[in-house]
Amino acid sequence: MNQPQDNVLIDVIDVWKSFDDLHVLTGVSMQVHKGSSDVILGRSGIGKSVLLKSIVGLLVPERGSIEVMGKQVMGMKPGELNDLRKHIGYVFQYAALYDSLSVRENLEFPLRKHTDADDEEIGERVMEQLRLVGLEEVVDRMPAQLSGGMKKRIGLARAIITRPDLVLYDEPTAGLDPITAREISELILNLEEQFGITSITVTHDLECARVIANRIYILETGAFQVQGTFEELKRASDPTTKAFFQVMA
Ligand SMILES: Nc1ncnc2c1ncn2[C@@H]1O[C@H](COP(=O)(O)OP(=O)(O)O)[C@@H](O)[C@H]1O
Ligand SMILES: [Mg+2]
């Protein structure tokens, strides 16, 4: 509370986004502080991915303000958006990897796009990154040859290979068995601590939220209804939060 403004890495104020007459976001606000790991919980189709995409300028809301690292994202020109995205890692909900590229090529991609690293340095950074997620042996495999958990690990590795200040994770544990999901959540926590990453994670995996969240927001019918730490929300008595924690516990 009352942290100085320059500690705020993402400042979302009263954001509204509709698709024709479908009103998805109707006044969403959140502030993510440097070093924090914030989690957005919400059921399917409620607008979690729309919010993440708006934060990186892939979707443009009709109203409100989104500042990332002190810069207004809404209205940015393509060149400015490209500069901003150099500082942001994004783990997409679907199709996390390029299927036609090997693991090595998938990891090289952001380095070639966003840095001036030469081939030797790129090669070293790819292997270092694979060591971090415990998957050096799959460097020459194609995505189709990986398990679901391996794909998620490679997606994480790719998102942070440029050492971004900020990482956005969209359902990082979706579709995994509970044990693998727990391993992925712990890996996220571990990498964030190691590299001082600030993050927003969108999920409906309560266990993932428990492991990684400093702060949890519950998105419901267009806006955040509740926010707090995992322990605070676990004890909350309002119907939205209770329903969430009962269903998912
Ligand atoms: N580009 C788009 N065009 C039209 N409707 C969209 C678009 N993106 C998302 N929506 C709709 O917005 C709602 C919220 O979607 P989304 O943010 O993906 O939900 P979730 O919370 O599951 O991530 C859904 O009803 C979805 O169909
Ligand atoms: Mg989604």
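1. How does the radius of gyration of the protein chain, with its 249 residues, stand against that of a compact globule? In this predicted model, the protein chain has a radius of gyration of 18 Å, and since a compact globule of 249 residues would have one near 18 Å, the value agrees with that expectation. The C-alpha trace, taken along its principal axes, spans about 55 × 40 × 40 Å.

2. Buried residues account for 37% of the 249 residues in the chain. When contacts between residues at least 6 apart in sequence are considered, 65% of them join residues that are at least 24 apart.

3. Turning to the ligand, the shell around ligand 1 consists of Phe19, Leu22, Val24, Gly42, Ser44, Gly45, Ile46, Gly47, Lys48, Ser49 and Val50. The elements that contribute two or more residues to this shell are strand 2 (22–33) and helix 1 (48–55), and helix 1 gives the most, with 3 residues.

4. Helix 1 deserves a separate comment. Of its 8 residues, 7 are buried, so the helix is largely enclosed by the rest of the structure. The buried residues of helix 1 are Lys48, Ser49, Val50, Leu51, Leu52, Ser54 and Ile55; among the residues that surround ligand 1 are Lys48, Ser49 and Val50. After the helix comes Gly57, which has a positive phi, near 80°.

5. As to strand pairing, strand 1 (residues 8–19) and strand 4 (residues 63–68) run antiparallel to one another and are paired over 5 bridges, with Ile10 standing opposite Val68 of strand 4. Phe19, which belongs to the shell around ligand 1, falls within the residue range 8–19 of strand 1.

6. Strand 4 is also joined to strand 5 (residues 71–72), again in the antiparallel sense, by 2 bridges, and here Glu67 stands opposite Gln72 in strand 5. The hairpin formed by strand 4 and strand 5 has 2 residues between the strands, and in it Met69 takes a positive phi near 50°.

Conventions:
Residues numbered from 1 in each chain as written. Chains lettered and ligands numbered in written order. Predicted model: local features only at pLDDT ≥ 70, side-chain atom pairs only at ≥ 80, totals over all residues. Near = placed C-beta within 6 Å. Helix = DSSP H or I, 4+ residues; strand = E, 2+ residues; numbered from the N terminus. Buried ≥ 20, exposed ≤ 12 C-beta atoms within 10 Å, placed from the backbone. Rg over C-alpha atoms; globule rule 2.2 N^0.38 Å. Contact = placed C-beta atoms within 7 Å. Pairing = 2+ DSSP bridges.
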